[in-house]
Amino acid sequence: MAKTNWDQYLASQMQDEELRALVEAERAALEIGYRLATLRRKRRLSQTQVAAALKRA
C-alpha cells in the first residue's frame, strides 16, 4: 500500500525523539481516558458519580 503524504510527514516527524516522547505520553493519557470511560459505561456510572467516588477515596 502506498504511503500518503500524511504517512510520510508523520514518519519524518517521529524521527525527533522529543516529539516522539510527547506523542507517546499523549497516547498513554488518551488510553487511560478511554479505559475509564469504558469501565464507567459498563458499570452505568455517570461522570459525577465517578468524581464523587474518587473524592471519597
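Biologist: Is tryptophan 6 buried, partly exposed or exposed, and at what relative accessibility?

Modeller: This is a predicted model. Residues over 50% relative accessible area are called exposed. Tryptophan 6 has 54% relative accessibility, so tryptophan 6 counts as exposed.

Biologist: How many aromatic pairs does the structure hold?

Modeller: The structure holds 1 aromatic pair. The rings of tryptophan 6 and tyrosine 9 have centres 5.8 Å apart.

Biologist: How is such a pair described?

Modeller: Two values describe a pair of aromatic rings: the distance of the centres and the angle of the planes. For tryptophan 6 and tyrosine 9 the planes stand at 40°, so the pair is tilted.

Biologist: Where do tryptophan 6 and tyrosine 9 lie?

Modeller: Both residues are in helix 1, separated by 3 residues, or about one turn of the helix. Tyrosine 9 is partly exposed, at 45% relative accessibility.

Biologist: Which residues form the nonpolar patch on the surface?

Modeller: Trp6, Tyr9 and Leu10 form this patch, and together they have about 340 Å² of accessible area. Leucine 10 also belongs to helix 1. A patch residue needs over 30% relative accessible area; leucine 10, at 32%, counts as partly exposed.

Biologist: Which residues gather in the patch of negative charge?

Modeller: That surface patch brings together Asp16, Glu17, Glu18 and Glu24.

Biologist: Where is aspartate 16 found, relative to helix 1 and helix 2?

Modeller: Aspartate 16 sits in the loop between helix 1 (5-13) and helix 2 (17-42). With a relative accessible area of 42%, aspartate 16 is partly exposed.

Methods. Residues numbered from 1 in each chain as written. Predicted model: local features only at pLDDT ≥ 70, side-chain atom pairs only at ≥ 80, totals over all residues. Heavy atoms only, no water. Patch = residues over 30% accessible without salt bridge, like charges linked within 9 Å, V, L, I, M, F, W, Y side chains within 5 Å. Areas by Shrake-Rupley, 256 points an atom, 1.4 Å probe, with all protein chains shown as cover. Salt bridge = Lys/Arg side-chain N within 4 Å of Asp/Glu carboxyl O. Lys, Arg positive; Asp, Glu negative; His and termini not counted. Charge placed at Lys NZ, Arg CZ, Asp CG, Glu CD. Helix = DSSP H or I, 4+ residues; strand = E, 2+ residues; numbered from the N terminus. Buried < 20%, exposed > 50% of the residue type's maximum accessible area, 1.4 Å probe, protein only. Phe/Tyr/Trp six-rings, centres within 6.5 Å; stacked < 30°, edge-to-face > 60°.
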